[in-house]
Every structure is written in C-alpha cells, then in structure tokens.
Amino acid sequence: MIRCESLHFAYPGDRFSLRIDELGVESGESVALIGPSGCGKTTLLNLIAGIRVPEQGNVQVGETVLSDLRESERQQFRLQHIGLVPQNFELLDYLTVKENLLVPFRVAADGRIPDGIEDHAADLLERSGVADHANKIPNQVSQGERQRVAMCRGLITSPELILADEPTGNLDPENQDTIVSLMLEEASRIGSTVVMITHEPELESRFDRVVNLLDLRKEAGA
Amino acid sequence: MNWRGIFYLGSRYLARNRAKTILLISAFTLVWLLPAAIALVVSEVEEKLRSRAADTSLVLGHAGSALELTFNALYFTKPGIAAFPRSEADELAQSELASIIPLYVRYTAGDHRIVGTTLDYFFFRKLAYQAGRAPVRPGECVVGAVVAEKNGISVGDAIISSPETLFDIAGVYPLKMTVCGILEPTGSPDDSAILTDLKTTWIIEGLGHGHDDAESADKDQLIAQEDDGVIRLNASIVEYNEITPENIDSFHFHGEDGGFPITAAIVTPHGVKEQALLKGRFVNSDLRQLIMPTEEMDELFATVFAVQRVVLWLLVAVGIGTLAIGAMVFILSHRLRNEEFQHLRHLGVSSGTLRGLIAFEGAFVLLSSPVLAGLGLLALAAVTPTIVERFFG
C-alpha cells in the first residue's frame, strides 16, 4: 500500500533533514510509528499524505507515485483516498462538530453528502463518545473531545489509508483505548491501511507492526 | 472548483461571523445608499416645490424675503411674514392687468394652517369637493383631504382655531368654525390646509367680533353712552366664539375691509405684456414686492444643489475611506484565517477552491451592499412622496 524509497526531505533554512532508505506498509496493515519528538514522524506522515514532497526519492500509495502528481492532483488524491487525523485537530471553528465531520464530502468534487453518511457520522460520534456535542462548535468542547472529532472526520470517508498523527495525545487512557479501537475497527471493517504516530507504549500492541523511525533513519545511515 | 462546497463553507463562515458580516455590509450599503438617497429626496422636493411654483405666475407681498413670501403664499408656511392692506391687492385688480386672489396665512387649528382667501382660490387651484360645498358665510371652512382623514372630520363638524397667546386676555381667541366641505386629495399643501374666507381669519385675529346686543345691555355692563350714540361696554358682555345663523348679524368689524391685513396675493396677469407692466410697477418699490415663484425656486435650488454637490463629494470621500477600511478588515481577517486555509489544504481542498471561497465571501459583502442599497432606495422612493408631502404639504 505504501512504499517509500530513498526518501530525502529537508525544510528550507532548517538543519533538520529526513532520510529514509525504504519503508513499506502492506495493504490492510496497521502500523504504529514511534520515535522521540523531533525525529520526523509528522514529516514522514505529511510526505505519505502528499502534503509535502520529498527532494529525492519516491512515495507511492497504492499504484500512485505521489511525487509524479501536481499539487492539485495530490490534493484530489488525498481527498479521495486518505483519511487524515492531524495532531492539532484542524477543525473549522465556524462549523459544528457534526458539520466538521462532513467537510471532506462538502469540499469533494460534487460537494454532495452521499446517502447514509449522516447516519454514519452520527454512529461515529456515538462510538467516540461525543454525540452529545454534535451541534456544538469546536471551541465549545474540550481538547480531548476535539481530538475524537478529528478522528471521526478522518474515518468518515471510509478511506483506503488512515494517517493519524498522535490522535491519543490529549486523551486519558480509557479514551485512548476507545479511540484506537474505533479506528482499528473501522479500518478492519473497510480494509484500510493505518499508520498512526504514538508515544503511548501500551497502545503499540494493538497494531500489526511497530516502526521506530530512528531505526529507519539509522538503516538509511542518517 | 466545487461551487457547492464554496457556497457552503463561505455562507457558514459569514453566518458564524455575522456581526462582522453585518457591520461590513451595513457600512458598504450606506456608502451606496446615502448619495442616492440624498439625490432622490432633493429631486422629489424639487419636483414638489417647482410644480406648485409653476402654477403660480406672480405673488404680491410686503417687501422682505422673497423666498419666505413664496413659501407663505404657496406652501402656507412662514406665517410670521409682514402683512399689508388688502386694498393694495384690490387696486391691482382694478388696474385690469391681472386677476388677484388675496391670502391671509397666519393662524392654525392644531397642526393645520388656516388659510383666509376668496372663492376664486378654489377655482384657481381647481379644487374639487369629495363632500359638502364652498364656504358661503363667515365661520364656515373647507378642509383638505389630509386634515379630514387625520382628524376624522365630516361635513358639519367643528374646528376650533388655536389660541395664539394663551395668557394674553387681549390676544387672539379661539373661533369655532363649521366644516362645510371636504376637498378631494390633490397632493399639494391644500390637502393639509383649512380654507376659509378672509373675514373669518380677521375675526380670529380680533378685528371683527360678535356679542350680545349693546342697546339691550344691563346697566352693570354699561361703561358709558356717548352723545354720538357710541355705547361702551365692560368685559361682562357675552362675546361669541362661534358664528351661527342666529348670531351672525351681531358680527361686525371696526374698520374698513380694505385696511385689514393679508400676507400675500396671487397675481395672474392677463398676458405677457401685462406681466411685464406689473413687474415694472414694483421694481423700485421699497414697501412691496411682486415676485415670480419659479425664479425663487430656481434660486433656492441653485443653493440646494451647490450644497448637495459638497455633501456628495464628502460622502464620496467617506465612502472611499469606508471601502479602504473594509478592504483592510477583509485582508486582516484572511491573514488570521491562514491556518484554517492550511487545514483545508491538508484535507485536500484545492487552491482554486480556496481562492473561490475567499472570492465568494468578498463578493457576497461587496455585491449584497449595492443590492441592499437598491432595495433601500426603492423603499425610500415609495415613502419619499409621503415624507415630502408631510414637510412641504
């Protein structure tokens, strides 16, 4: 599903650079991406999502080599195939919780909400414990609740690939378990591939594989 | 680009930030509306005033402000202008150069002006009756359509003139007048006027009065009986405040009609030559003036338009300032939303859609303001005639 080869990325004017020789994730596999802060986990996730483009090397998702696509094509690809759960939630503060969930459909090519999606959204909110806040705006709910809403939005399109950047960072252990269960259950139901960044060792066992980014960088001789 | 999504996100953003949106739209709406509204109102006032002036060839009055004389004779305002003897208007009529209609516009009944004139005025202004008839004796009056409607007046009802000096026992006393006719609406100052004959207005002024028969007065009402037959009575004699068929014979004037005051006379020359001759008579007069209302309106509106131009330039400057501030608010607001746009990009929203979103929000504010201004102008156009009529009769 995901294949990264000879990847090199550096932020302009920054000493940080990420070099990865090879990373592969099979279709339907769930991977916990770990590593110390600042080692490039979020950068790698952004490269896989096509938000950033490597200076060298390729990122392939499914049959698509993201580096070959123009920005607008990458955006279109992301909208159609990837469910992104950002670290900082990235919810729109002028929409309600429920409306935020439906944004990926609103901004898609036809802008229509497919039949059954509103029920699916209600189900996700219910299962993640924020159904009572469906009509509130994000500023009216807690950080942890926003985190759960961001997770629901990442899952609403039933994407082929779920990329989650520390989605449990603002949750207590009980809710961490709930949200990871929700994500993995949904992924299993629809056959999605999951890559999730986490700092919680107790969650690692829930994934098929744990990848330490330091190991990848070491292998690449970084 | 997904227009449905753009409309959805844009409208939701504007609705959530409705205070800012309403403020911007209101400010821009005023920028469009104010100059247009001023032009509309001025145009309506001009049309109203000019049409009345165009129907009136000349106005004779006491020397002084020609504009005040015009307003007194045509729009029944400025009641404080100096009066002059009716005989002077009669002399002009006798010259056979023009028809003369005297006017005495000084007193009120409530909010409505009492206009003393002759029956010729009704023909001159082509006034028709929706009920009743013209006044035929002192104490009768005809009311305009607005007066009748506002006060629920019917033929046979009474109207009492307003006392001018409440605490002055020698001042103007109220006179109860009988409504003998109601005029059809004309859209002119006549609608808001109470029209009566000159004698009635002179009675209101105290120049004429009626009271109990002096010769049958009690001894204690008698002050003195002069040798020449003049009887002097004290204040206990009953004075009438209403003219009725029973007491009308007791009403009398102390003096000659010709010496009693009028504030203006409408002068309609019989021809161009006569008009030139009449104007020539008053060119060098220090006491009287013969004016052309249309010329006064030209002069008035030349001043009004000059002021209007200045106001419009000021409004343009204020408008440019408002647009600049609005643009700044818009730009700053979009800078603050950079993070939000970044979030949408991460989700997969294209740059074209984001540009469309920004354009939609800007266009909504910019385009809705002229539309609202247009609607406001339509509403104003509908009520302006009523407002203008309220102020200019």
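Residues are numbered from 1 along each chain as its sequence is written, and chains are lettered from A and ligands numbered from 1 in the order in which they are written. Because the model is predicted, local features need pLDDT of at least 70 and side-chain atom pairs count only at pLDDT 80 or more, whereas totals for chains, interfaces and linings use all residues.

Confidence is expressed as pLDDT, the predictor's confidence in each residue, from 0 to 100. Chain A has an average pLDDT of 89, and 98% of its residues score at least 70. Helices (H or I, at least four residues) and strands (E, at least two) are DSSP runs, numbered from the N terminus.

Chain B contains 11 helices and 16 strands. Its domain assignment, which is automatic or from a database, gives domain 1 (3-48 + 301-392) and domain 2 (58-210 + 251-291). The centres of these two domains of chain B, taken over C-alpha atoms, are separated by 49 Å. Of the 393 residues in chain B, 32% are buried; a residue is buried if 20 or more other C-beta atoms, placed from the backbone, lie within 10 Å of its own.

The contact between the chains takes 19 residues from chain A and 20 residues from chain B, two residues being in contact if their C-beta atoms, placed from the backbone, lie within 7 Å. On the chain A side, helix 2 (71-81) and helix 3 (97-106) each supply at least two residues, and helix 2 of chain A gives the most, with 5 residues. The chain A side divides into 12 nonpolar residues (Ala, Val, Leu, Ile, Met, Phe, Trp, Tyr, Cys and Pro), 4 polar (the others, Gly among them) and 3 charged (Asp, Glu, Lys and Arg).

Helix 5 of chain A is mostly covered, with 11 of its 13 residues buried. The buried residues include R146(A), M151(A) and L155(A). Among the elements covering them are helix 3, helix 4 (117-127) and helix 6 (173-190) of chain A.

In chain B, I114(B) lies in strand 4 (residues 112-117). I114(B) is buried because 25 other C-beta atoms lie within 10 Å. Beyond residues up to four places away in sequence, I114(B) touches several residues, including Y107(B), S161(B), I194(B) and I204(B).

Conventions
A residue is buried if 20 or more other C-beta atoms lie within 10 Å of its own, exposed if 12 or fewer, and partly exposed in between; C-beta atoms are placed from the backbone.
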